[in-house]
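Colleague: Could you walk me through this one? I'd like to start with a charged residue and go from there.
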Amino acid sequence: MTMFPTSSLLACSYSPLCPRRVCTPCLTSPSSILFLRGSGSAALAMLASMLSHGRAPPQAIMSVERDLHMATGDGENSYAINSIFQRKTVMETWPELHKAVREALKSLSTIGIGTGSTTTMVAADLGCSSGPNTLLVVSEVMNTIGAHVVQEEPADNYGSRAVMEVQFFLNDLPGNDFNLVFRSLDQHQHQQRRLQGHGLMAAVEEKQAAVPCYIAGLPGSMYTRILPCQSVHLFHSSHCLIWRSKIPEDLSNGTHVNADNIYIGKTTPKVVVDLFQEQFEKDFELFLSLRHKELVSGGSMVLTFAGRKPEEMPMQGGVARVWEVLSQALEYLVHKGRVENKKLSSFNMPYYAPSLDEVTQLIKQNDLFDIEDTRLFESNWDAYDDSDGDVVLNCSGSAENIAKIIRAGIEPLIMNHFGEDIIEELFMVYASILAKNLEKGKAMCPVIVVMLKKSEL
């Protein structure tokens, strides 16, 4: 991880710029809840009527805000330990992040050299999760700001520079392991103090200004307002916009079923594919509208998420591939009697991997942001495999690596719906099926990155 001076990173539990939190409304629609009132026979009659008309019973109610979070802690199966895939992809987007930081700095008011005035830049990482990746983004932003101050704001005759401070919000859903985030921050500061004691930070300090950074946790859904109007200069979000605010209502209430798929698979009915797409469109348009209100004039965003190549349909590509294998692993446990079939048929991922064309089209239709950059690159789901070519040299080992990444991201959702007792067996089966699948070639994940600037309306 890139370092920056200890004095420039201060943790706090409160910030004057942090709005007073209000209760975030539950993202589960009331229409997805079925109340069976009256006698037991009446309730059964209603259920029988639903089934006779081809409707499945509604699935166990999933609250995305409550149930969606990465595996907590820093143990063997945690996200903190198994997030190297996300780490490599976010580092691939440094060029866009550097450009966005520089654009955000331009949106700050001009400050006088040596006057003692202070300018505050506000940044937020949406879906920060926990573990080493969280502070990786903070470090890179601070390094870019520090280098900018040295290059663009030279010291006066008394060695003084314009005073700048940074308020950095780390946002995620309330179930995120914020305790680990701040423990990691404390460890990071301790390590930097140790490096400074050995004089190893001198080279960094010569090239960068020590810009104070105040960090605050900010729980809440990115599909709600989370910060005051026109208060933010830079938003960053990596691998979060693939998660939906809720399961499409006609899936959660049983109007349509997705066969034995947990996402969009080869046997997914077209009407279900349309439901996933429509939910993405609603969520993404809402996200853009909310962030536009919170950004200052000229503010920037860098958004990164798993997606699809332009020529791929929703049931094709590297994202659908890994979820289809998980569906097959769950189906195997159904055949073994370890999972009830109705449990599988009622489980759907609050997820959608769009194509780059879908993303850019929605941004243009929304007309709130100017597209500064777009890019699509591919990253191996097995982040430990850096070999050339498409052939997987060790299918079993690669499958185990991918299984750990997928488990770290979805384990809480699986446990909430299917129970804890199947977890170990499920991902053993998953790795076994995936190893056979990898004989066809590497599992590559298309990654979309877009840099946006708030439009001047």
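Colleague: Is Arg375 buried or exposed, or something in between?
Modeller: In this predicted model, Arg375 is partly exposed, with a relative accessible area of 25%.

Colleague: And which residue does the side chain of Arg375 pair with?
Modeller: The side chain of Arg375 meets that of Glu96 in a salt bridge, at 2.8 Å from N to O. The pair links distant parts of the chain, since Glu96 sits in helix H4 (residues 94-106) and Arg375 in strand E7 (residues 369-380), 279 residues apart.

Colleague: Why does Glu96 count as buried?
Modeller: Glu96 has a relative accessible area of 7%, and it is called buried because the cut-off is under 20%.

Colleague: OK, switching over: what does Glu294 form a salt bridge with?
Modeller: Glu294 forms one with Arg225, and their closest N and O atoms are 3.2 Å apart. Glu294 belongs to helix H9 (residues 270-294), whereas Arg225 lies in the loop between strand E4 (213-219) and strand E5 (232-238), so that this pair, 69 residues apart, also links distant parts of the chain.

Colleague: How accessible are Glu294 and Arg225?
Modeller: Glu294 counts as buried at 0% relative accessibility, while Arg225, at 34%, counts as partly exposed.

Colleague: Where do Arg407 and Glu411 lie?
Modeller: Both are in helix H13 (residues 395-418), 4 residues apart, which is about one turn of the helix, and their side chains meet in a salt bridge at 2.7 Å, N to O. Arg407 is buried at 9% relative accessibility, and Glu411 is buried at 12%.

Colleague: Last one, how many salt bridges are there in the whole structure?
Modeller: A search of the whole structure finds 21.

Conventions. Residues numbered from 1 in each chain as written. Predicted model: local features only at pLDDT ≥ 70, side-chain atom pairs only at ≥ 80, totals over all residues. Heavy atoms only, no water. Salt bridge = Lys/Arg side-chain N within 4 Å of Asp/Glu carboxyl O. Helix = DSSP H or I, 4+ residues; strand = E, 2+ residues; numbered from the N terminus. Buried < 20%, exposed > 50% of the residue type's maximum accessible area, 1.4 Å probe, protein only.
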